[in-house]
Amino acid sequence: MKKINTLSDQAMTFLLNDTFITDSQRSGQVLVDVIRDQQKLKGTTVACREGDCGACCVLVGDYKCDGDIRYRNIISCLSPTINMHGKHVVTIEGIIYKSDHFIQQAFCIEGASQCGFCTPGFIVSLTCGLINEYPTLDAQKVISYLDGNVCRCTGYKSIERAIKRICIDLAEKADKNTSNSSFSFLIEQGILPTYFSNIKKELAKINLPLCVQPNLDSRQLVGGGTDLFVQIPDKLYESQCLPISCKGSEKKIQIFSDHIWIYADTTIEEFKKSSELAVYIPNLDKLFDLFASLPIRNIATIGGNLVNASPIGDLTNLLLTMRCICVLEGEKGRRDIALIDFYLAYKKVDLKPSEWLMGLRIPLPSSQAKFNFEKISKRRYLDIASVNSSIQLTVQNDHIIDAQLSAGGVAAIPLLLKKTSNGLINQPLKEETLIGAINCAQREISPITDIRGTSTYKRQALSHLIVAHFLELYPDKFDAQHIANTLKQLAASEVYSGL
Amino acid sequence: MDYNIDSNRHSSGESLYIDDIVVADSTYYGWVYSIPCAHARIKTILIHEALSQPGVKAILSYKDIPGENQIGGIVFDEPLLAEETVHFFGQPLLLIIATKLRLAKEASRFIKVEYESLPVITDPRIAVEKNELLIPPMIFASGDCERGFAESDVIVSGRADSGGQEHLYLEPQGAIAIPLEGGQIKIISSTQGPTAVQRVCAKVLGLPMHAIEVEVRRLGGGFGGKEDQATPWACLAALACAKLKNPIKLVLPRFEDMCMTGKRHPYSSDFKLGLKKDGTFHAFEVSFYQNGGAATDLSPAVLSRTLFHGANAYFIPHTKFVGYSARTNLPPNTAFRGFGGPQGMFVMEAAIALSAEKLGISAATLQRKNLLRDGQMFHYGQKVKNCQARRSWEQLEKKYDCKKIEQEIAMHNKKHTLSKKGYAYMPICFGISFTKTSMNQASSLVHIYHDGSVAISTAAVEMGQGVNSKICQVASEIFQIQPKRITIHSTNTSRIANTSPTAASSGADLNGKSTERACLLLKERLLDHAAKILNAQNREDISFLKEEVLLYGKKTELTWQKLIEQAFLNRINLSSHAHYATPDIYFDLNTNKGEPFAYHVYGTALIVVSVDTLRGLAEVDKVYVVHDYGQSMNYTVDLGQLEGGLVQGIGWMSTEDLRFDDNTGRLLSSTLSTYKVCDLHGAPKEILSNQLEGSTNPMGIFNSKAIGEPPLMYGIGFYFAVRNAIKAFRGYIDDISICAPYTAEKILSDLYKPLKSQIYART
């Protein structure tokens, strides 16, 4: 089993562009402050400090399991610097290293930069896409790396055009290129500076820390930091924080004969892209496009997300339908607790001060089980859900033989709708079954009116998401027109009034 | 030249914004303190505990202001720091100065304020009922509305509401104040209005304006939010700077920026439209209830533009627009791209939508029929000239085969239940000029250095809109030199005095024209000198072309470089300053009639949306636009303004849901996680746009037309496109109120809103 790391703050070392930084500052200081205030690199800008704009995006390179370096784009405003130990951090200054850089030219020609405040963040994310999408360099795929970058000036179309211009040009050259590393290709094309070819060697100079047991008494355990640094940045700055990330050769997601094991420091993006999980949830990658944004998913951890206990968490929502067990480790050893029992009250979890969540155990889903995840939010992407819902459904001969249905945003804690789920079992794939489930669900939930919607809206939205699950998984079994009329009738009744 | 001259610096991260400027190590940082209450009488303020916190240097209140505690621009009703009462949630009460921002913030926790809460008003209609008006009601009228309605065959009335909008410039508000000798202060500010900052700082500090120098390099976005509302932060920094004789930096964190600053005005309006049987608009009456917030700020000017644009691009012989600017307990609302125009046009389009539904014809038929024509009269007394309303509509129809698009949408809706499409046309007509005539002036200072390089200073502030690129083009074109020889210097009140804010889409016109004049003055001198060197009879024999000096159209030994060297040695004045004031515009504030606009910008958009009728989610499939750029002088820049404005307008109509707590006046959507602007996925999947052919504009710089604001209003089409998609699902729409933005919640609720018959069946 992997163990958590404790780093002495003095040892905190990372490569910033082409320079080693040994940072003896506070472990709770966020990366962007080190970059801007200490290192005086001002190209990385700060617009929100809540991970919602991407202006502060930087590239982070670290070792993959196979020993290669992989690069991800992350937001630096919520990342504790201590999480950068042993990694390569690249800012805009480390990418646009010469005048008349090809990316600069494309942005200029297409007018992809107006006020310029967000531009470095976009270019960092774009570069991440170029590195990872080599050699196909499909423009649409590269553009998807920018889903956490907000621009208030351009309306995005010129940025898309610039990226298409870059991708088309590079893809043409990539075809002819015999080299098989994206780095050597991008260096050759002048996209990346030459120091990128030495990173593996350079990073090897940093001593990676020993693995020791955490002492949680005085320290705040932090995963990616994407929630905690929004909520209590000042407190974290004052205290010492302890990262749950560590370098290990073990795979973070492992399949055993009867269960799946997921380490708590698995990032959401690793979860999303997991080929192991894709066997059971083939559409997982696509479904989780709606989870935050790539630069957040790249650092936010499964452990941090579950312990944060948001009643509207997308991940919790899905895991609840998987009969997930949380494995907690503490002074007195390990204990298991079902995820469904982990949540006690609003933002309160069954976790003693000395305990930490080390991983998850998920029973292997049956090969017939199908999953779906639905989310309604004000903005489709990079938004917190008003209501979300997941389902695990097993159907034989048009009859439901197993169902696990969850709902978020409709109670103080994330809910598994037990009664509704049980009620679905043995029911036929028919509209009446859905209506029964909707009616039952209404009695299991207790949404409140807040900034994300009125309670009536949340009740109605959940009902529609229940229908959406079935229409997504079994589109041919239902008459859309008829269902629409039934939903209209439901809306005219008092079922969403909460009475 | 067809690019933004700042682009390369932006892409490399070199461009400097306020927070990037290197300051002295001794600099102190400011934290603005407010109480969590929207309306309160202050009883006691205890600061001694906070003062003794580490790093704290001072805590300033209104009592520390040496001059006037007054920052109001139009009406003097806004204190810099609250005195006995607080009128909105987030109103600055104290300024904490410490050696580090973090320490100033930390100290704020030790301040104790006792106050008595007073009743809070957030609804402009309630405010008007209670006679809480910022200014007397404003009336624009033409013809005889009473007669107009009597002559109408159909009268449609209703109510339309539009929400506010947070600017969300990516760079937050901020300023740095640096003490100079003799009590003078230099302020580096992220402002659209350097002179406003200078004037108000001088007033607050009790100094003459010449004691304050305001410097602006660029803004990380403005959109109107830094026209008047960059001023308080600059004043606060200057106040502390004057007090402590030390550099002060004050940059608002995002949350404070969102809570403390005003936004686009929410409006609630009652309208009545009278039509002839054939669909001709005959009379239109609207009462606009503008939510002005706690102080006047720019509300009167915004309201007047609502009234100017109340009929959008249509001719209506009888109109009456009444505007009420309501005082509420929200942050003082302010300029935002469109400046009240969008709110006026939204009501017009709402009236058209309702009329079309009532008459059972398409809104497009009504819109097209009533578009403005040359020779007609705007309701404010200006004659319609050089009108492009019909031409842009027609070019759109032809270019994009709109009939076919409409048919495809009808086909889609026939086939699908859980996905419905909707479309709406959105023609625009937007007047260009500050409606306050005196503001239509600018000046430029052009230096030619004796190495042949050129530096230009103007009143314009670069905030991403590309005004500096256009100014550079003016000089490059006139001097016939490469753009790289030219630099556009910062906007600085010591170099250019008495600037109007960069606003009203007028930056390129006014400053381009003043630059043109300054360059022409220099060019005359240079031509004269070249004529002398080349022994030509007169300056008309000389011309410049691509860095060369021509005589009778033929190359000579003289180049730009050589000519400048010679001119300098011969003591020719290589600097010039010129001023431009838009000619022939005037407006009579007693009658509300006149010729307020230099010209109008036209265009038409067709917006197509898809609504997921199960989940209640809308997305924009395509937007087709034909826009009247005049003769665009920098199409890359102008297209960027078109697309960016359009998407911002769609944001206003869709996800940008500005919410205040009605009881406490607290902003609920105060973070980026609760206030959602368009992201990459939320933008239209495709924007197809085209320049209107054959439009020219002698009133604009190089025959171009202003571009900053008008495209935003195309976004209004989103609202009515969604409404039409909902109609396609429900079959019936008359019972659904018109209230923007069309959020996911409202879409789902409207899609499944019980028809009246169903409600009766239930009870």
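Helix H19 of chain A, residues 455-473, packs against H19(B) at an angle of about 75 degrees, with the axes 11 Å apart. H19(A) is therefore roughly perpendicular to H19(B). On the cut-offs: angles of 65 to 115 degrees count as roughly perpendicular, under 35 as roughly parallel, over 145 as roughly antiparallel, and the rest as oblique. The axes are lines fitted to C-alpha atoms, for helices over the stretch in contact, and the angles run from 0 to 180 degrees between N-to-C directions. Helices are DSSP runs of H or I with at least four residues, strands are runs of E with at least two, and both are numbered from the N terminus.

This is a predicted model, in which local features need pLDDT of at least 70 and side-chain atom pairs count only at pLDDT 80 or more, while totals for chains, interfaces and linings use all residues. Residues are numbered from 1 along each chain as its sequence is written, chains are lettered from A and ligands numbered from 1 in the order in which they are written, and side-chain values use heavy atoms, with hydrogens and water left out.

Back to the pair. On the chain A side, Tyr457(A), Gln460(A), Ala461(A) and His464(A) meet Ala744(B), Glu745(B), Leu748(B) and Ser749(B) of H19(B). Contact here means heavy atoms within 4.5 Å.

H19(B) also has a partner in its own chain. Helix H18 of chain B, residues 716-730, packs with H19(B), residues 744-751, at about 30 degrees, and the axes are 9 Å apart. H18(B) and H19(B) are therefore roughly parallel. H18(B) contributes Tyr719(B), Val722(B), Ile726(B), Phe729(B) and Arg730(B) to the contact, and H19(B) contributes Lys746(B), Ile747(B), Asp750(B) and Leu751(B).

The bond from Ala740(B) to Pro741(B) is cis, with omega near 5 degrees, and Pro741(B) sits in the loop between strand S30 (738-739) and H19 of chain B. Chain A has a cis bond as well, joining Tyr134(A) and Pro135(A), with omega about 5 degrees. Pro135(A) is in the loop between helix H3 (119-132) and helix H4 (139-143) of chain A.

Next, the nonpolar cores. What is the size of the largest nonpolar core? The largest has 295 residues, and among those with the most contacts inside it are Leu130(A), Phe271(A) and Phe284(B). A core is a set of buried Ala, Val, Leu, Ile, Met, Phe, Trp, Tyr and Cys residues joined through side-chain atoms within 4.5 Å. Buried is under 20% relative accessible area, exposed is over 50%, and partly exposed is in between, with a 1.4 Å probe and protein chains only. Beyond four places in sequence, Leu130(A) is in contact with residues including Ile103(A), Val142(A), Cys167(A) and Leu186(A). A second, separate core of 39 residues includes Ile185(B), Val204(B), Leu219(B) and Leu250(B).

Now the cysteines. The search over all chains finds zero disulfides, a disulfide being a pair of cysteine sulfur atoms within 2.5 Å. For Cys167(A), the nearest cysteine sulfur is that of Cys128(A), 13 Å away. Cys167(A) is buried, at 1% relative accessibility. For Cys37(B), the nearest is that of Cys259(B), 14 Å away. Cys37(B) is buried at 8%.

Which residues other than glycine have positive phi here? Phe339(B) has phi near 55 degrees, and Ala504(B) about 60 degrees. Phe339(B) lies in the loop between strand S15 (318-327) and helix H10 (341-359) and is buried at 12%. Ala504(B) lies in the loop between strand S20 (491-492) and helix H15 (507-533) and is buried at 13%.

Last, Glu213(B), in strand S11 (residues 212-216) of chain B. Buried or exposed? Glu213(B) is buried, at 19% relative accessible area. Its contacts beyond four places in sequence include Ile185(B), Lys186(B), Asn492(B) and Thr493(B).
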